[in-house]
Amino acid sequence: MLNLNTATAEELDEVPALKGHGFEIVRYREERGRFTSLRQLDEVPGLSGKTDGIAGQVAVVED
């Protein structure tokens, strides 16, 4: 299970639904701060509506 708030772009690219979007996810996180829900992935360029069913592979863990 990957933590959306700490995973690298390379780790995120290993998730089939996120493949090729790891860089954009990390950039979004750096620009806007930590994720508070998986739904925020819809705000990442190119991912809107493409992240259904990833809850078993990616989680939002807040420290």
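Here are legends for a few views of this predicted model, going from the whole fold down to single residues.

**View 1. The whole protein and its order of elements.**
Start at the N terminus and follow the chain: the elements come in the order β-α-α-β. That makes 2 helices and 2 strands (helices are DSSP runs of H or I with at least four residues, strands are E runs with at least two, and both are numbered from the N terminus). Residue numbers start from 1 along each chain as its sequence is written. Because the model is predicted, local features need pLDDT of at least 70 and side-chain atom pairs pLDDT 80 or more, while totals for chains, interfaces and linings use all residues; side-chain values use heavy atoms, with hydrogens and water left out.

**View 2. How the chain packs up.**
Take the contacts (heavy atoms within 4.5 Å) with a separation of 6 or more: 46% of them join residues 24 or more positions apart.

**View 3. Inside the largest nonpolar core.**
This core is a group of 16 residues, and Leu4, Leu12, Leu18, Ile25, Phe35, Leu41 and Val44 have the most contacts inside it. A nonpolar core here is a set of buried Ala, Val, Leu, Ile, Met, Phe, Trp, Tyr and Cys residues joined through side-chain atoms within 4.5 Å. Helix H1 (9-13) and helix H2 (22-32) are the elements giving two or more residues to it, and H2 gives the most, with 3 residues.

**View 4. Zooming in on Leu12.**
Which residues does leucine 12 touch, once neighbours within four places in sequence are set aside? Its contacts are Leu2, Leu4, Ala7, Leu18, Lys19, Gly22, Ile25 and Val26.

**View 5. Gln57 and its partners.**
Look for glutamine 57 in the loop between H2 and strand S2 (58-59). Glutamine 57 is partly exposed, at 36% relative accessible area. Setting aside neighbours within four places in sequence, glutamine 57 is in contact with Met1, Leu2, Val15 and Pro16. Valine 15 sits 42 residues away from glutamine 57 in sequence, yet their C-alpha atoms are 7.2 Å apart.

Note on methods
Buried means under 20% relative accessible area, exposed over 50%, partly exposed in between (1.4 Å probe, protein chains only).
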